[in-house]
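Could you walk me through this model, one selection at a time? I have it open in a viewer and would like to know where to click next.

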Amino acid sequence: MTGKSGRRITTWGLWSLRRPALCLVLTVDAVAVAITVVSSLPAAITPTQWLWFAVLTAAAVAHLEAVRTIERRREQASKKAPYTNLKSLWVFAALLVLPLPLVIGLTAVSYVYCWYRVYGPTILFRKFYSAATFVLASAVASAVLDGPLLPHDLWSLLRVAAAAGVWWLVNYALVVVAIGWSSPEKLPIRQALGHPGDQLVVASALGLGATMAVLLVHEPWALPAPMIAVLCVHRDLLLPQYLRASRTDQKTGLATPVYWADVVTAALDRAKLSQTGLGVLFLDVDKFKAINDTYGHPAGDQAIRAVADLVRAEVRSQDLVARYGGDELAILLPGLEPGQLLAVAERIRSRLARTPVVLTATTDGQPRTLSGVSTSMGVASYPGDGISVEQLLMSADGALLQAKQNGRNQIRVAGAVPVRGMHGMSEMPSGKSREDQGNAVADHSRQMP
């Protein structure tokens, strides 16, 4: 089954879980559905509550849209540890002013919107389970509150704080247990629990949620103020975490090899669960040393930055480009089949070859313009060229080496038959016709943002 933007959703991975994890996931999902049905039957919702629901939903969607690039990268990089996000802010704010069915509705809207706009390729059962943990946590917290409740004195403030603590504990415990039980190997407790600092982010979200609820009821005109605070939390707490983890290359803005390899590992796990393709492309700028020797290293830095910008312009938002060496880039392309990978590689090679690159930081101070940049590429795909990260990277690196040894300015696909074209050499995976390649180009173009 395929959703919009080429997103494939599947439950295949669910049945591959270890039995304890499978039982937990199915039980939590079933309880969440039961809570939704039972709480909705006697629900009496006032027009004012519907208005509050609309305001909170719109604010949640606006927040998720504003930070979707950060969240996509954080979600892609998350490993076997709880993934911290700020959807809890809006859910807890709703919990203080709305009946439980509308709280569940807001949870559903947030996750569906994230599926369409924030996440990359999605394993459906994981996201459904995450939403179910929100439902269970909200139901228990609602019981502590005994219905919607805003803090208006010390006792009510303590009850709201207790509800926040219970919400956090239920959600966190269900996620940690699921991670531990679903892992094929025994995880260290510290890894399963995640970084303690991440839980401070959740505490901040719940506190901001309470503030948002109070303002919504008593001073709705002041709502933009906490919205600014929400975005600051994302930038000052979550974005630096992402930047530290990624160790972004300072000259190009691309990911570094360490971060890129971590994302490849996570993407390969997703590909195995969802039974989708995954590609790795290594790109080397031909005779890059000559640019450094002729125009100087600052000009060489300009050239590699230009190459990085052009490559990023030719891939999708869910693809990840890294600077793998001085003049070598690595590209992760999840969800694509071998024919599509070759189409992407040829498009990148062609654009680099025909796009002028202006060098202003030359040793003599005189601007120079390169008519284009010649590149050699090696392409490998899962599962045909490897079922582990090491195998994939070795296959792509071997294909790149062949491209360089056979005259450069060409694309070599691991284990494929070479096909000489008008503009250098490309390769066609065995069994693929030229018509198939044309279809692959069209398919990938439809996936571009």
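Start by selecting Pro383, which sits in the loop between β6 (375-382) and α16 (389-405). Show the backbone here: the peptide bond joining Tyr382 and Pro383 is cis, with omega at about 5°. Keep in mind throughout the tour that this is a predicted model.

Now zoom out to see the whole chain. How many helices and strands does the chain have? There are 17 helices and nine strands. Of the 449 residues in the chain, 52% are buried. Among contacts with a separation of 6 or more, 72% are between residues 24 or more positions apart.

Next, select two helices together: α5 (residues 87-97) and α7 (residues 124-145). Their axes come within 10 Å and cross at roughly 35°, and the crossing of α5 and α7 is right-handed. To see where these helices meet, show side chains for Lys87, Ser88, Val91, Leu95 and Leu96 in α5, and for Phe134, Ser138, Ala141, Ser142 and Leu145 in α7. Colour these contact residues by class and you will find six nonpolar, three polar and one charged.

Move along to Asp146, in the loop between α7 and α8 (154-182). Is Asp146 buried or exposed? Asp146 counts as exposed because its relative accessibility is 65%, and the cut-off for exposed is over 50%. Look at its backbone too: phi of Asp146 is near 60°, a positive value in a residue other than glycine.

Gln275 is partly exposed, with a relative accessible area of 48%.

Then select Gly209, in helix α10 (residues 196-218). With a relative accessibility of 0%, Gly209 counts as buried. Leaving out residues up to four places away in sequence, Gly209 touches Leu89 and Ala93.

Last stop: the cavity. A search of the whole structure finds one cavity of 30 Å³ or more, and the volume of the largest cavity is about 50 Å³. Select Leu64, Glu71, Tyr83, Asn85 and Lys87, which lie nearest its centre among the twelve lining residues. By class, the lining has seven nonpolar, three polar and two charged residues.

Technical notes:
Residues are numbered from 1 along each chain as its sequence is written. This is a predicted model: local features need pLDDT of at least 70, side-chain atom pairs count only at pLDDT 80 or more; totals for chains, interfaces and linings use all residues. Side-chain values use heavy atoms; hydrogens and water are left out. On a 1 Å grid over the protein atoms alone, a cavity is a set of points where a 1.4 Å probe fits but cannot get out, and a pocket is an open set with protein on both sides within 12 Å along at least five of seven lines; lining residues have an atom within 4 Å of a point. Grid points are joined across faces, edges and corners, and a volume is the space filled by probe spheres set on the points. Ala, Val, Leu, Ile, Met, Phe, Trp, Tyr, Cys and Pro count as nonpolar, Asp, Glu, Lys and Arg as charged, and the others, Gly among them, as polar. Axes are lines fitted to C-alpha atoms, for helices over the stretch in contact, and angles run from 0 to 180 degrees between N-to-C directions. Helices (H or I, at least four residues) and strands (E, at least two) are DSSP runs, numbered from the N terminus. A crossing is left-handed if the near helix is turned anticlockwise from the far one by less than a right angle, and right-handed if clockwise. Contact means heavy atoms within 4.5 Å. Buried means under 20% relative accessible area, exposed over 50%, partly exposed in between (1.4 Å probe, protein chains only).
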